[in-house]
Structures are given as structure tokens and as C-alpha cells.
Amino acid sequence: EHLENVDRLLGQFQEFLELGVQEEVLHQFLKDSTQLLALTSTMDPLSKFRLGSEYVTDFVIREVPDGYVLVEIERPNIRLFNRPKKAGYPPERSRDFNHAIEQTEIWRAWVGRNHGYVNQQLPGISPTPLCWLVAGRSATLTTDEKQQLARYNEQQRHSLRVWTYDDFFERVETILRRMTGR
């Protein structure tokens, strides 16, 4: 019965997309169709969420199963890595990339120090929440830089996930394709 209901909701959602309904209609439909939102990995996006008076996240989302995720977005044309100084050396993170990483580390530390306060606004948030950083483009990365980014993401998997805009677009496109059956 539950799967039939989800199937029915997916059909309605696809009809709305094909009809080209306004954004507010889709918003209300998804808000009222919690079973569909549960199929996606992101829920409850909050824009410009304040961490006290000191910091402002770009977004806060709810990720299944990781809970609340603090999201920092940077320019699509940010350079993530500098070219190695010598052949055979791994690419080094750029100053802009390091600065963005540091921002997420500051947020995580702030949440840890102020967990009771943040937990009132985001019930159940971890004292060490996961952060996402969306920056740069995959197309501009060399094979070595892609490997370096994959290694970094593996090493930091419990604290930070770096997405290029291409990665993020592919994720959203996949979710939409799954939801619409296309």
C-alpha cells in the first residue's frame, strides 16, 4: 500500500513537471508529499542560516542519513588546486580552496561550542555536523587533481564533502531522473 501511494505521488509529480506548473505549486506538492522527499537525499533547505551573530552558512540541508549538513558554496570558477611544482608531486590545494575548507571547520567548531543553542533551532543536529563545500568545475580538473580530491573526500568523509558544481548538478539531475522516471 505504501509503495502504491509513492508510485501515485511520483505520477502526480511527473504530471506537474510535464504541465510546467509554477514553482510554488511544486513546492507545496513536495511539502505535502513527505514520502517523495524521503526518496531524495536532501530535505528542508534553509538559506543563509545564522550561526549566532558571527557566521552565516549558505544553506543548511537535511541529509539522509547524516542529519543536518552545513553547506558552503564558492564560485564555479574557483581554482581548487595549484599545479605541482615538480613532476610526480601531488597537486596542492589552492589558497581559495583552503580558505573555503577553513570556513567549514570554523562552522563545525562553532556548532560544537554552541550546540545547545543550535540544537534549539535545528533539533537533533550533531555537535560535529557534516559540511558540504560546492566549488569549482570537474571539467577544469586534471586526472591527478580529481584523484587528489577523491582522496581528500575519503579522508574527510565524516566532516566535509567537497562537490564540484558538475558533481552537484549530476546528483540533482539523477534524483530528478529517478523521481520522474526519465
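Which residues is Leu133 in contact with, leaving aside its neighbours within four places in sequence? They are Glu72, Glu74, Phe97, Ala100, Ile101, Leu160, Arg161, Val162 and Trp163. Contact means heavy atoms within 4.5 Å.

This is a predicted model, in which local features need pLDDT of at least 70 and side-chain atom pairs count only at pLDDT 80 or more, while totals for chains, interfaces and linings use all residues. Residues are numbered from 1 along each chain as its sequence is written, and side-chain values use heavy atoms, with hydrogens and water left out.

**Overall make-up**

- The protein has seven helices and nine strands. Both are DSSP runs numbered from the N terminus: helices (H or I) have at least four residues, strands (E) at least two.
- Of the 182 residues in the protein, 37% are buried. Buried means under 20% relative accessible area, exposed means over 50%, and partly exposed lies in between (1.4 Å probe, protein chains only).
- The accessible surface comes to about 11400 Å². Carbon and sulfur atoms account for 51% of that surface. Areas come from the Shrake-Rupley method with a 1.4 Å probe, and for residues only the protein chains shown count as cover.
- Take the contacts between residues at least 6 apart in sequence: 58% of them join residues at least 24 apart.

**Leu133 and the cores**

- Leu133 is found in strand E8 (residues 130–134). Leu133 is buried, with a relative accessible area of 0%.
- Leu133 and Asp58 are 75 residues apart in sequence. Their C-alpha atoms are 9.9 Å apart in space.
- The largest nonpolar core has 25 residues. Such a core is a set of buried Ala, Val, Leu, Ile, Met, Phe, Trp, Tyr and Cys residues joined through side-chain atoms within 4.5 Å.
- Within this core, Leu80, Phe97 and Leu133 touch the most other members.
- The elements that give two or more residues to this core are E5, helix H4 (95–113), E8, H6 and E9. H4 provides the largest share, six residues.
- A second, separate core has seven residues, including Ile61, Val69, Val134 and Trp163.

**The E4–E5 hairpin**

- Strand E4 (residues 59–63) pairs with strand E5 (residues 67–73) in the antiparallel sense, over five bridges. Two strands pair if DSSP finds at least two bridges between them.
- The hairpin joins E4 to E5 through three residues.
- Glu63 has Gly67 in E5 as its bridge partner.

**Helix H6**

- H6 has 13 residues and should span 18 Å at 1.5 Å a residue. Its end C-alpha atoms are 18 Å apart, which agrees. The expected span is 1.5 Å times one less than the number of residues.
- The buried residues of H6 are Glu145, Gln148, Leu149, Tyr152 and Asn153. Seen down the helix axis, they fall within an arc of 135°, so they line one face of H6. The arc is that of the directions from the helix axis to the C-beta atoms.
- Cover for these buried residues includes strand E6 (81–82), strand E7 (92–93), H4 and E9.
- Thr143 and Gln155 are exposed, on the face of H6 turned away from its buried side.

- Ser159 lies in the loop between helix H6 (143–155) and strand E9 (160–163).
- Ser159 is buried, with a relative accessible area of 15%.
- Not counting residues up to four places away in sequence, Ser159 touches Arg108, Pro129, Leu130 and Cys131.
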